[in-house]
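Good morning, and thank you for coming. Please look at the sequence and the structure on the screen while I speak.

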Amino acid sequence: MSSSSRTNDETSTSSTAIINPDRVLHDGSQPYEGVLDAIEMLKKEGKTLVILSKRREDTEKMLVKLGFNPTDFDNIITSGDVSHSLLQNQATSLGCSNWDMLSNIIKNNKDQRKVFVFGSGDNDKSYCNSAGWELSPIEEADLIVARGTFTINDGSTVISKKEEEEKYWKVMESALIKAAERKVPMLVCNPDKVRPDAGLPPMPGAIGDTYERFLWTTHCAPLGDMDELGARTYVKRVGKPFQEVYDIALQSCEGDVSSAIMIGDALETDVTGGNRVGCTTLWVIRDGIHGKDVEEKEQREW
């Protein structure tokens, strides 16, 4: 935000501020005017400041790079960390529920758990291995993890979208078809559907949407009994606007959700998530992902 006065007014009556840092605290290259002072003031007032993001390491590096003090934030909750805890059936230790479908797989496969990964190309194997899972072909997988849209990894071969784009899309479609036939569950570690870059490239949330359609069309009547709602039970999305990250973020509120405010720029994730859990929401427009669309709409109406 170019000015922090509105945020200060809204947060003055809230004990907990849940913040999406991107396009709210900074633009990726520098903090917005007044934001560093606003954070310092809120901490002096005893506010609990919680960041909701995707990857802890990236978030912490960005905060330090732009002059923020990470210790000013009481918690940095990332969809990557929560997903990792779900893969170990240990999400309750963070303050949210485990996924029953995944819990059953873990209990029934104590010695060897196999996962097929749509990845970021960065530590996909170690991410899964450290949670007790081995990468495998889709034909053998107990689970699909969608944590990126740059690579496909089956444990023996890594296909890069940048280097082999046509093959990447063909392998993705084939894998989703095979997985749908077997009703393999999918864990989506980042529910965003598009990246706010030129052309709005797809994100893992879009893979989840596609897989739901494959599940439904494969098992719907007359050959099966699955409906759209049934297909959704096989795809678990972690991150805004879904429940788990808010359960963790709101622990400091001690049951009084109305004392929290969600500050973000994305309607589908930030605002929807805040509204779902019942806290106040502050929609950042001018510098946010919807800023250009809102400006154009206002100009047409004017």
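Predicted model: local features only at pLDDT ≥ 70, side-chain atom pairs only at ≥ 80, totals over all residues.

Helices (H or I, at least four residues) and strands (E, at least two) are DSSP runs, numbered from the N terminus.

Residues are numbered from 1 along each chain as its sequence is written, and side-chain values use heavy atoms, with hydrogens and water left out.

Which residues of helix 7 are buried? They are Tyr168, Met172, Ala175, Leu176, Ala179 and Ala180. These residues cover an arc of only 130° around the axis, and therefore lie on the same side of helix 7. The arc is that of the directions from the helix axis to the C-beta atoms. Buried means under 20% relative accessible area, exposed means over 50%, and partly exposed lies in between (1.4 Å probe, protein chains only). On the face of helix 7 turned away from the buried side we find the exposed residues Glu166, Lys170 and Glu181.

What do the buried residues of helix 7 pack against? Their partners are strand 4 (114-119), strand 6 (143-146), strand 7 (151-153), strand 8 (158-160), strand 9 (186-188) and helix 8 (204-219). Contact means heavy atoms within 4.5 Å. After helix 7 comes lysine 183, which has a positive phi, near 55°.

Let us turn to helix 2, residues 35-44. Its buried residues are Val35, Ala38, Ile39 and Leu42. Because they cover an arc of only 100° around the axis, they sit on the same side of helix 2. The exposed residues Asp37 and Lys44 are carried by the face turned away from that buried side. Glycine 46 follows helix 2, and its phi is positive, near 80°.

The next element is strand 1. In a regular strand the side chains alternate between the two faces of the sheet. In strand 1 (residues 16-19), Thr16 and Ile18 point one way, Ala17 and Ile19 point the other way, and all are buried. Strand 1 runs parallel to strand 2 (residues 48-53), and four bridges join them. Two strands pair if DSSP finds at least two bridges between them. Threonine 16 has threonine 48 as its bridge partner in strand 2. From strand 1 the chain crosses through helix 2 to strand 2, and this β-α-β crossover is right-handed. That term applies if, with the strands pointing away from the viewer, the path from the first strand over the helix to the second runs clockwise.

Strand 1 also pairs with strand 11, in the parallel sense and over four bridges. There, the bridge partner of threonine 16 is alanine 260.

I shall close with some single residues. Serine 53 is found in strand 2 and is buried, at a relative accessible area of 16%. Leaving out residues up to four places away in sequence, serine 53 touches Pro21, Thr59, Ile77, Thr78 and Ser79. With threonine 59, its side chain makes a polar contact to the side chain there, at 2.8 Å. A polar contact is a pair of N or O atoms within 3.5 Å; within protein, one must be able to donate a hydrogen and the other to accept it, and residues adjacent in sequence count only if both atoms are side-chain atoms.

Threonine 59 itself lies in helix 3 (residues 56-65). Is threonine 59 buried or exposed? Threonine 59 counts as buried because its relative accessibility is 8%.

Serine 259 lies in the loop between helix 10 (243-249) and strand 11 (260-264), and this serine 259 is buried at 13% relative accessible area. A polar atom of its side chain lies 2.7 Å from the backbone oxygen of aspartate 256. Apart from residues up to four places away in sequence, serine 259 touches Ser14, Ser15, Thr16 and Cys253.

Finally, threonine 13 is found in the loop between helix 1 (5-11) and strand 1. With 69% relative accessibility, threonine 13 counts as exposed.
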